[in-house]
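Have the picture ready as you read.

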Amino acid sequence: MAPDGFGKTSLVAEYADTVFSFEHTFWINGRSPCFLRDLDRGIIASTLTQMESASFLVVVEDVPPLDVVRATALSDAFDELLERGCEVMATCTPACDAFASLQHDRMKLTPADLLLTDAEVDTVRGAADRTERPAATVPTCERVPALRWGAEAAASFVAGALREELPAEVMLAMTTALVLCTGTFSDIEVFGPLGEEVVALLEAGYPYLGMDARRERFHTPSFPVGALAAAVTGKLDALAEHSRFADRDALVARWADALVARAECERACALVGALCTREARATWLAARSRELMESTCVLPAHELYGSLGRRSLSGDTVLELGEVVRLVVLGEETTALSRARRIAFDLGVSEGARAIAALVLARRAQGTTRDKALDELERIVRSTEGGHAAAFAPTETFWRPLALAQLALEDDPAELAQEGTTWRARGADEGALALVTAWVITDVLDHPRAAGAHAHAKVDVGERVGRYVRERVTQAGGECCDLFTAAAGLALERARERGTVTLRKPLGAAEVLALHRVEMELFAQRRAFERAARERIERRAERATTLPDAYLDGRYLPTRTRTNSVAPVLTVNLFGGLDVRIGDVPVDLNRFRRHKVKTLLALLVLNRGREYPRDKLVAALWPESELDTARKNFYSIWSMLRRTLSAGSGTCPYLVRHQNGCRLDERLLVSDVARFDAVCRMLLFGQPGSEGWAQLYAEIDDAFADDLMPSEEDNEIIVQARADCRVQLVDALVAAAERLVAADDAQEGLWFARAALKRDRTREDAYLALMRAQIAAGQRTAALETYFSCRRFLTNELGIDPSLAIVELYHSIIETEELLE
């Protein structure tokens with residue numbers, strides 16, 4: 001008895017092999033509908049005994065949830081088999097052990113018995129890990145066999161863990177623990193009641209949760225948010241109903257808030273992005289933008305903003321302003337300044353939002369835009385001055401000190417250097433004070449102007465600034481600090497290294513290390529942002545190359561992809577059959593009358609412009625010929641292909657042959673193979689928007705309706721490539737259908753699910769995706785027909801039963817009760 005992933009099946013198989021050598025062994029799949037059918041008929045024991053006269057082993061794997069009647073029936077079947085001298089082994093999850101009280105003579109293995117020993121833990125670890133962390137110190141939650149098999153196994157494990165049918169209060173506690181990873185029982189009770197019975201069940205049956213009733217703490221492995229979200233999505237409404245929150249969005253937002261409080265901001269953003277509706281994502285991000293920025297969670301927050309799509313939430317200025325600041329920090333100033341201008345000069349926006357947008361323009365823009373921003377900033381400050389000279393108003397504690405500091409930098413930097421750090425007494429926000437401190441250092445103390453008029457104040461101001469930074473870093477614990485404090489601290493360190501600021505007591509090593517941790521984290525996020533931007537440019541270039549009509553002016557083509565060659569582009573399409581064009585002129589396919597010429601061109605195109613080793617190409621074309629003979633044939637076929645692809649001048653600029661390799665010049669090649677890869681990536685990972693999805697579907701239905709080189713049956717490489725492309729496209733279509741259904745676009749999801757099933761009716765996941773889309777679209781009858789089509793195919797063609805997932809979906813349809821009015 002243990003959850004999935006503990007090796008129950010492996011243990012049973014080892015016993016069956018060791019004791020019975022897999023002879024006289026009956027293996028029964030408890031998840032099959034046939035098992036419940038035979039159990040209800042009471043024929044399990046009698047059928048087995050009729051088939052085998054000698055003693056035998058019966059294994060019932062994955063016993064499903066049973067009511068009292070069925071549990072009694074199963075126990076009676078076990079008793080009948082035991083009386084015959086047979087052995088019986090049953091595996092199940094803790095929640096399915098309904099026959100425990102009915103079998104008193106059984107030997108029960110618990111999850112704790114199936115955990116890895118110290119020796120087994122060490123077998124899957126490297127020497128460095130074993131030295132750094134002895135096996136005895138590895139916690140229980142890391143000793144589950146499945147969790148030692150890699151990231152993919154961990155994702156499968158958590159999917160199985162949350163698929164188990166458990167009471168809602170148990171599932172809520174389990175999911176909360178998996179989201180938070182570590183904490184106390186009181187952290188779980190924030191989301192719902194955690195009774196002693198629930199704790200006892202989780203502690204005994206689910207050791208990977210690390211429940212410790214004595215210390216009232218838990219510690220789980222850190223599962224990827226994507227795996228958690230995929231596993232819990234279907235149960236989220238039920239969890240929210242049993243939680244202390246109004247709906248699923250409120251529950252997920254509170255989970256995310258708890259993660260932010262633990263400085264797990266990236267995980268919080270991923271959770272909100274995966275489980276919240278678009279409106280809830282926008283609301284949460286707008287409310288948490290400041291906290292995420294202070295925690296140096298810039299790129300994840302930017303990606304969460306990007307998940308909202310192109311339909312701008314223009315009414316939420318706070319949301320837009322947070323993205324402006326994030327873009328500035330990530331180095332994308334052009335877009336940031338454009339958005340800041342819209343906010344700064346919009347009189348319908350609050351003074352605080354306009355002030356921060358104007359600050360961005362004042363510090364980053366140039367020329368007339370900067371001058372207008374300074375004027376606007378001064379008007380905002382004057383309009384809100386009334387009576388607040390001695391103290392900052394509660395609603396102005398962040399932006400007003402920043403605005404005053406920027407205006408002081410323009411008028412009297414020396415005064416700002418002397419008085420800026422004293423604003424704490426007036427109630428200024430600590431984050432604003434840290435930024436003002438950074439500006440004092442960079443724009444006054446470390447500025448060339450400071451060598452003259454302000455040099456006399458540098459030592460005194462430097463000491464006060466140093467004390468302030470040291471205090472902020474120390475308050476953060478000495479090991480980490482927020483982004484605003486890090487900005488001040490790093491500016492101070494750089495000024496001290498250049499000798500423009502002298503400190504009697506420099507920052508300690510721990511403080512400097514904490515500052516550089518923040519710096520390196522921000523550096524890594526900027527590099528990732530730039531890398532993603534480069535990949536977007538490359539995708540646009542690829543699209544512009546393969547679909548030039550969509551980019552007539554070529555402005556999306558990066559400079560490095562353009563060529564000064566006067567040779568026309570060679571277009572080679574392989575899907576639906578060979579189609580070759582030089583420029584706009586089709587190449588007569590009669591020129592490919594030698595079949596090997598056509599095959600050679602297809603192999604070079606499939607290699608995507610990379611060099612193909614000559615001998616490997618020769619072996620692919622003539623696999624059964626001797627190498628010397630095949631080489632002579634190759635030179636003849638190569639010459640034919642050159643003549644076929646020759647331009648008007650008689651030369652062939654498209655084929656490139658070196659001493660031991662051949663390739664096509666990718667600068668002059670356009671192929672539907674490259675576009676096919678791009679379309680699949682877009683289906684899997686992109687955010688096409690409503691029109692983009694329709695365009696993708698139309699392109700797939702047109703350009704990729706047929707297989708790659710459907711008439712080619714002799715060349716194994718092309719045949720395998722055709723099969724791979726079919727699988728790749730169906731995988732992408734199924735993923736797109738699932739994504740659209742999850743985004744509440746059920747009708748679009750139906751398109752892609754039907755397209756997937758049309759291309760491969762042997763794929764059970766395509767049936768599953770179509771059923772989910774039909775259910776989401778309210779087509780319950782159609783979903784039932786899809787289920788029966790799947791079942792007929794699996795039973796008649798493969799002789800297997802449908803998977804548990806599709807059976808559960810079927811039951812969710814037929815067991816739904818409609819309210820009658």
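A crossing of two helices is called left-handed if the near helix is turned anticlockwise from the far one by less than a right angle, and right-handed if clockwise. Helices here are DSSP runs (H or I, at least four residues), strands are runs of E with at least two, and both are numbered from the N terminus. The model is a predicted one, in which local features need pLDDT of at least 70, side-chain atom pairs count only at pLDDT 80 or more, and totals for chains, interfaces and linings use all residues. Residues are numbered from 1 along each chain as its sequence is written, and side-chain values use heavy atoms, with hydrogens and water left out.

Helix H19 (residues 351-364) passes helix H21 in a left-handed crossing. The axes of H19 and H21 (residues 399-411) come within 10 Å and cross at roughly 35°; such axes are lines fitted to C-alpha atoms over the stretch in contact, with angles from 0 to 180 degrees between N-to-C directions. On the H19 side, the contact (heavy atoms within 4.5 Å) includes Ala 355, Ile 356 and Arg 363, and on the H21 side it includes Trp 399 and Leu 402. The contact residues divide into eight nonpolar, two polar and two charged. In this count Ala, Val, Leu, Ile, Met, Phe, Trp, Tyr, Cys and Pro are nonpolar, Asp, Glu, Lys and Arg are charged, and the others, Gly among them, are polar.

**Charges over rings**

Arg 363 also has its charged end over the ring of Trp 439. The rule asks for NZ of Lys or CZ of Arg within 6 Å of the ring centre and within 35 degrees of the ring normal.

| Charged residue | Ring | Distance to ring centre |
|---|---|---|
| Arg 363 | Trp 439 | 4.1 Å |
| Lys 372 | Phe 345 | 5.0 Å |

**Rings that pair**

How many aromatic pairs does the structure hold? There are 20. Rings of Phe, Tyr and Trp (its six-membered ring) pair if their centres lie within 6.5 Å; planes under 30 degrees apart are stacked, over 60 edge-to-face and the rest tilted. Phe 157 and Tyr 208 are edge-to-face, 4.9 Å centre to centre with 85° between the planes. Phe 157 lies in helix H7 and Tyr 208 in the loop between helix H10 and strand E5, so the pair ties together parts 51 residues apart in sequence. Tyr 208 is buried at a relative accessible area of 0%, where buried means under 20%, exposed over 50% and partly exposed in between (1.4 Å probe, protein chains only). Phe 157 is buried too, at 4%.
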